[in-house]
Amino acid sequence: MESITYGHVAPDFVDQVEMMSHANLSRCFHCLACSAGCPFCEDMDYLPNVIIRMVQFGMKEAVLKSSTIWLCVGCNTCSMECPNSVDMAAVMDSLRQIAVGEGIQIAETGIYSFHNAVVDSISRYGRTHKLEIMMRYKICEKEFFTDIDLGLKMLSKRKLDLLPSRVKDKKAIKSLFEMAEGK
Ligand code: SF4
Ligand code: SF4
């Protein structure tokens, strides 16, 4: 775990996060249930409940530059465990959106590259094209030859399609993405 350093304080950060996530962070009494249930907490630099406290303290830069917000997979366990109905998963999602929107240096670039490759595939085909996602990820991360054995094995067992399959209603996919982008 990282020790918390105090830098620039952003008093309006908590309002920004609450507005975006629709979570009322003042309901959190730091019972630790969210952190205890999180399957990835051991690898996080700050526990989920600590992230809430840091948001309340306006520690915007430390939160947005943390690995925690990218190691969170949005499994919702924390939100289900919370006795006060604080939607922690939505908070994490909002923090990722703020970090990207404000051009913050992403702590876990590999996770972000993978995320982008998946979203890009869905926006173009309405489905995930796994081979293309893997190739885009490898190019972004400049990891051209790692896992090549596994990739060839998957191809030989027809676990990876060479060509993407597409949904018929492309307009629906386009309008979903426009809605998400607030257009
Ligand atoms: S489970 Fe809920 S109340 Fe408990 S620390 Fe987490 S967010 Fe706060
Ligand atoms: S949603 Fe994120 S923070 Fe919550 S339990 Fe899952 S991985 Fe952990």
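Tutor: Domain bounds come from an automatic or database domain assignment. For this protein chain the assignment gives domain 1 (13–101) and domain 2 (109–180). The model is predicted, with local features needing pLDDT of at least 70 and side-chain atom pairs counting only at pLDDT 80 or more, while totals for chains, interfaces and linings use all residues. Residues are numbered from 1 along each chain as its sequence is written, and chains are lettered from A and ligands numbered from 1 in the order in which they are written.

Student: What separates the centres of domain 1 and domain 2, taken over C-alpha atoms?

Tutor: The separation is 28 Å.

Student: Which residues come nearest to ligand 2?

Tutor: A residue is near a molecule if its C-beta atom, placed from the backbone, lies within 6 Å of it. Around ligand 2 there are 14 residues, of which C38, C72, C75, T77 and C78 come nearest. Helices are DSSP runs (H or I, at least four residues), numbered from the N terminus; helix 6 (77–81) and helix 7 (88–101) are the elements that give two or more residues to this shell. Helix 7 gives the most, with 3 residues.

Student: Which residues come nearest to ligand 1?

Tutor: C28, C31, C34, N49 and C82 come nearest, of 14 residues around ligand 1. Helix 2 (33–37) and helix 3 (48–56) are the elements that give two or more residues to that shell.

Student: How far apart are the end C-alpha atoms of helix 9?

Tutor: The expected span of a helix is 1.5 Å times one less than its number of residues. Helix 9 (residues 130–141) has 12 residues and should therefore span 16 Å, which agrees with the 16 Å between its end C-alpha atoms. K142 follows helix 9 and has a positive phi, near 55 degrees.
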